[in-house]
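Have the model open while you read.

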Amino acid sequence: MNTHLHITAWALAFILFIVVVILHKQGKAKGAKIIQMILRLDYLLILYSGGSLLANYFGGSPMMGEAIFKGLAGIWAIFAMEMISMKSGREEATKGWWIQLVIAVLLTMILGFGRLPLGLLP
Ligand code: HEM
């Protein structure tokens, strides 16, 4: 249940994030602002669903450390998306944050799908 919520929430975040960046590129500041607000609400959903998945690892799981690291990488990914959204609105350089976003998302995907046992994939 929470895995579905988690995956839906971050998949939606990626879509909303790309829309924000495109709208900023087109100079549509007002539209970007509205989508950015929805994106921020969606961050809360990611944090809530990720936090409740993380709770499963407390209380003696040998993978608790990796799960915590997965959560930190997820927070890093959210932070990078927020920085890129803000900076693209002000036409500031975003390259460094794009690089961080790619690293953080790779880490979350590898740890989430590849290493940690809960979730959809066998
Ligand atoms: C944009 C941000 C995020 C992305 C792209 C992401 C991605 C993923 C993926 C791909 C999975 C595996 C789902 C599956 O196995 O079916 C997962 C699970 C999980 N995520 Fe996230 N996540 C993000 C944010 C967070 C945050 C902020 C937290 C913690 C507060 C978190 C904690 C977890 C935990 C504990 C799991 C369960 C791992 C498992 O047992 O499989 N995630 N996430």
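**Notes on the model**

1. Let's start at a loop: glutamate 91 sits between H3 and H4 (helices, H or I of at least four residues, and strands, E of at least two, are DSSP runs numbered from the N terminus). Glutamate 91 has a positive phi of about 55° although it is not a glycine. Most residues other than glycine have a negative phi. Glutamate 91 is also exposed, at 75% relative accessible area (buried is under 20%, exposed over 50%, partly exposed in between, with a 1.4 Å probe and protein chains only).

2. Some ground rules. This is a predicted model, where local features need pLDDT of at least 70, side-chain atom pairs count only at pLDDT 80 or more, and totals for chains, interfaces and linings use all residues. Residues are numbered from 1 along each chain as its sequence is written, and side-chain values use heavy atoms, with hydrogens and water left out.

3. Overall, the protein has 4 helices and 0 strands. Its C-alpha atoms fill a box of roughly 50 × 25 × 25 Å along the principal axes. Of the 122 residues, 35% count as buried. Among contacts (heavy atoms within 4.5 Å) with a separation of 6 or more, 71% are between residues 24 or more positions apart.

4. Which protein atoms hold the iron atom of the ligand? They are NE2 of His6 and NZ of Lys70, at 1.9 to 2.0 Å (donors are N, O and S atoms within 2.8 Å of the metal, or 3.2 Å for Na, K and Ca; water is not among the atoms, so sites may look incomplete). With 6 donor atoms and angles of 83 to 176°, the site is octahedral (six donors qualify if opposite ones are over 155 degrees apart and all others between 65 and 115). The pair links distant parts of the chain, with histidine 6 in H1 (residues 2–25) and lysine 70 in H3 (residues 64–89), 64 residues apart.

5. Take a second look at lysine 70. It is buried, at 17% relative accessibility, and histidine 6 is buried too, at 11%. Lysine 70 has no salt bridge, and glutamate 66, the nearest side chain of opposite charge, is 11 Å away (Lys and Arg count as positive, Asp and Glu as negative; His and chain ends are not counted). Leaving out residues up to four places away in sequence, lysine 70 touches His6, Thr108, Leu111, Gly112 and Leu116.

6. The largest nonpolar core has 22 residues (buried Ala, Val, Leu, Ile, Met, Phe, Trp, Tyr and Cys joined through side-chain atoms within 4.5 Å). Phe17 is one of the members touching the most others. Beyond four places in sequence, its contacts include Leu39, Met81 and Trp98.

7. How many salt bridges are there? The count is 3 (a side-chain nitrogen of Lys or Arg within 4 Å of a carboxyl oxygen of Asp or Glu). Arginine 40 and glutamate 82 meet at 2.8 Å, N to O. Arginine 40 lies in H2 and glutamate 82 in H3, so this pair ties together parts 42 residues apart in sequence. Glutamate 92 bridges to lysine 87 at 3.2 Å and to arginine 90 at 3.2 Å; shared partners join Lys87, Arg90 and Glu92 into one network.

Notes:
Tetrahedral: all angles 85-135°; square planar, octahedral: opposite > 155°, others 65-115°.
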